[in-house]
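Try each task before you read its solution.

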Amino acid sequence: MKHFYLSILIVLTLSFSIQAQVESTLVDIGGYQMHFNIIKGKGTPILFEAGAGNDGSVWDNILEKIHKVTGTTLITYDRSGFGQSELNPNLKNDSDFGIKNGIKELETGLSKLGYDDIIILVSHSYGGLYNLLYANKYPKKVKSVVLIDVTLNNFWNDELLKMRDKNVDISTIPKPSGDYFLNANYNETMRYARNIDFPKSLPLLNIFPENSLPGLPEALSTRWRKLHEELDDNKENVTNIIAKGSGHAVFQDNPSLVINAIIKAYSKTLDERQQNELLQKTLDNAIELSIETKLNNRSEQDLNTLGYTFLGNEELDKALEVFKLTTILFPDSSNAYDSYGEALLKANRKAEAIEMYEKSIELNPENENGKMVLLQLKQK
């Protein structure tokens, strides 16, 4: 077992010594510049949309790992007034800088870069509204969307917007700036987005955490969570994933979950042969991410969540790999063996499942669920 662990560490070290080539580009949008970062590759490009107040750099910690597996083009950018992107000097009124203008600027930038055809969208928080508007405008161009605790278009009703007005004083925000214009147009953006929905045929992977936005009153936090839970009600195109133990920035709290979710979305654009090749790369990537999790002293809960994500998506081989590795990295965890036992049962590997449940109970004699499952298995 020690040799296995060491060999994976060597693979991990080598793989991360190879840096993806990031191309930093300023694009003339019409007398002013917008900043894009691009990791070039082959296949359906993936565009990442940051949350409110953030620029494209928030995605930096996950891009290389996604590119390593998919080999496709990854695009991040700074909305105007954020990061290295400039504001349009020709616009005069606050309302001119609204989200409709933001979509127009994005369209121009992608077109000039040559990425205005088929694409996959990924977004966080407020960026989800950009994904919503873009997908609604170009339903035939967008292959799928990965939403990461996004602002849903039905969250901000008029009552909540009035409450927000009482608590947000935009006169304290420097002008002109992207942050100022975002807040100046916030209410209008939310009212506009209410009447727009994602195309019903478009695959949506909706990831949201147990713990919602920090600082929200309990009632609003409950509303946020409830709307996310209801997003997949009677909708075959929507898949919900709860990121246990994560906060609002799931891609930072549980990067392995988000990385593999995006890889899964990308896999749907491939033929069967390409999917099989990607599967092996994904398994290798999952193992490396798991090792990295251990080395960074992250909670085993991240791995457990990743395993159950694979299990819920009926990707049993991946789930077994992750749960097995969790028992190696956390040999004193009763829960690790319990989860691995559950996956082995689903794979019809009864004898191995019994062994895992016995080990789990040995480590935690109060594991009543494990005892019940073990009893049922031995009676059959």
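**Exercise 1.** Which strands does helix α4 lie across?

Solution. Helix α4 (residues 127-137) lies across β3, β4, β5 (119-124) and β6 (142-148). Its direction is about 150 degrees to β5, with axes fitted to C-alpha atoms, for helices over the stretch in contact, and angles from 0 to 180 degrees between N-to-C directions. Contact means heavy atoms within 4.5 Å. Helices (H or I, at least four residues) and strands (E, at least two) are DSSP runs, numbered from the N terminus.

A note on the source: this is a predicted model, where local features need pLDDT of at least 70, side-chain atom pairs count only at pLDDT 80 or more, and totals for chains, interfaces and linings use all residues. Residues are numbered from 1 along each chain as its sequence is written, and side-chain values use heavy atoms, leaving out hydrogens and water.

**Exercise 2.** Find the order of the strands in the sheet.

Solution. Start with the order: 8 strands form an open, mixed sheet, β1-β2-β4-β3-β5-β6-β7-β8. Pairing requires at least two DSSP bridges between two strands. Next, look at the edges, β1 (22-28) and β8 (238-243), each pairing on one side only. Then zoom in on β3 (residues 46-49) and β4 (residues 74-77), which pair in the parallel sense over 3 bridges. There, Phe48 stands opposite Thr76 in β4.

**Exercise 3.** Is Thr70 buried or exposed?

Solution. First locate Thr70, in helix α2. Thr70 counts as buried because its relative accessibility is 10%; buried means under 20% relative accessible area, exposed over 50%, partly exposed in between (1.4 Å probe, protein chains only). Finally, leaving aside neighbours within four places in sequence, Thr70 is in contact with Lys42, Ile263, Tyr266 and Leu278.
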